[in-house]
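Reader: Hello! I am new to reading protein structures and would like to learn about charges. Could we look at one together?

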Amino acid sequence: MSKITAAISAVGKYVPDYVLTNKELETYVDTNDEWITSRTGIKERRILKGEGLGTSYMAIKASEDLIKKRNLDPKEIDLVIVATATPDLPVACTAAYVASEIGAINAFGYDLEAACSSFLYGMSTATSYIESGRYKKVLLIGADKMSSIIDYADRATCIIFGDGAGAALFEPNTEGLGLQDEFLRSDGVGRDFLRIEAGGSVMPTTKETVAEKRHFVYQEGKTVFKYAVSNMADVAEKMLTRNNLTEQDIQWLVAHQANRRIIQATANRVGVSEEKVMMNIEKYGNTTSATLPLLLADYEKELKKGDNLIFAAFGGGFTWGAAYLKWAYNS
Ligand code: UT7
């Protein structure tokens, strides 16, 4: 019997309507459009406004987009995974709520958190369930409301992040398409350089932690940049060498959208030319768990069955990795 492979059979997306431009950020902090554009590639990002709207709101919308496009009966979904660093609530997983709201009444659901690598790690989890033969339809959603954990008085972070969600459905494939290989890594040294200090079990919330702004993202950008550039490029290159691929065999590089310069460094190492590099950082900034599925949704029409995609991500923890996937459909 041939091995079951797990392929992406549909994608969906949602980004909020509100556009936060570099110009508007100039009114909050000492920054300017030229600095942000040249250092990061970001021109604008989307922000979810509205009381009581959290990450699940965007995850549900992205799932509904996928369900509609694929003409899928949500009752057929076996599992819903929400990859996120900003769950609706600290306890009560977001995925269970999302599954119920989209009508996936036969599914179980849970969240997966590995900062900016959450969706990539989620791909590993989703494909493993399918390859095991136990489940047939796994919905993986990458969604983050980064605006809920960003200090808009901190120019080191507020220029980078945005809100959004993307979803991908994983199903068994009989033609050998889908996930071919992966290489995932982590290193706890990263905890000092990219984190939210308070609100967890080490430093529970108090009046002082709130007053001292310890519930916002802190990033030592230069250090994270250095680790991200070398690690993301290393693992992406590894995907090629250990699968005997040359840059000509690769149709698309799907890299986490944290900084245009990091993406370009990864592309250079792998040797792929600019037109093969998926890029939407200028529109959305860094949406953490949502960057990879948002890229897939934005480029879906250009993707062809059999295309070779190299995924790469790097994020807090540190967490990072790469994956090699064969695209399974023409849209
Ligand atoms: O997705 C998870 C992983 N995260 C990442 O991969 C992010 C990695 N890091 C980065 O993308 C970059 O480090 C940043 C975009 C965050 C910062 O860019 P940078 O080129 O590393 O800038 P820097 O922190 O080295 O700062 C350079 C200069 C400094 O001024 P001086 O000391 O040279 O006078 C900063 O004070 O730019 C200044 N600066 C700014 N100026 C205008 C820092 N932030 C800003 C700002 N606007 N927003």
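Reader: Which residues gather in a patch of positive charge on the surface?

Author: Welcome! First, this is a predicted model, where local features need pLDDT of at least 70, side-chain atom pairs count only at pLDDT 80 or more, and totals for chains, interfaces and linings use all residues. Residues are numbered from 1 along each chain as its sequence is written, and side-chain values use heavy atoms, leaving out hydrogens and water. A patch is made of residues with over 30% relative accessible area and no salt bridge, like charges being joined within 9 Å and nonpolar side chains (Val, Leu, Ile, Met, Phe, Trp, Tyr) within 5 Å. The positive patch here gathers Arg39, Lys222, Lys226 and Arg261.

Reader: Is lysine 226 buried or exposed?

Author: Lysine 226 sits in helix H7, residues 221–242 (a helix is a DSSP run of H or I with at least four residues, a strand a run of E with at least two, numbered from the N terminus). Buried means under 20% relative accessible area, exposed over 50%, and partly exposed in between, with a 1.4 Å probe and protein chains only. With a relative accessible area of 60%, lysine 226 is exposed.

Reader: How many salt bridges does a search of the whole structure find?

Author: Side chains of opposite charge can pair when their charged atoms come close. A salt bridge is counted when a side-chain nitrogen of Lys or Arg is within 4 Å of a carboxyl oxygen of Asp or Glu. For the whole structure, the number of salt bridges found is 19.

Reader: How many residues apart in sequence are the parts that aspartate 298 and lysine 13 tie together?

Author: These two form a salt bridge, with their closest N and O atoms 2.7 Å apart. Aspartate 298 belongs to helix H10 (residues 291–299) and lysine 13 to strand E1 (residues 5–14), so the bridge ties together parts whose separation in sequence is 285 residues.

Reader: Is aspartate 181 buried or exposed?

Author: Aspartate 181 meets arginine 242 in a salt bridge of 2.8 Å, N to O. Arginine 242 is partly exposed at 41% relative accessibility. Aspartate 181, with a relative accessible area of 15%, is buried.

Reader: Which helix holds glutamate 237, the salt-bridge partner of arginine 269?

Author: The closest N and O atoms of arginine 269 and glutamate 237 are 2.8 Å apart. Arginine 269 lies in helix H8 (residues 260–270), so the pair ties together parts 32 residues apart in sequence, and the helix of glutamate 237 is H7.

Technical notes
Accessible areas come from the Shrake-Rupley method with a 1.4 Å probe; for residues, only the protein chains shown count as cover. Lys and Arg count as positive and Asp and Glu as negative; His and the chain ends are not counted. The place of a charge is taken as NZ of Lys, CZ of Arg, CG of Asp or CD of Glu.
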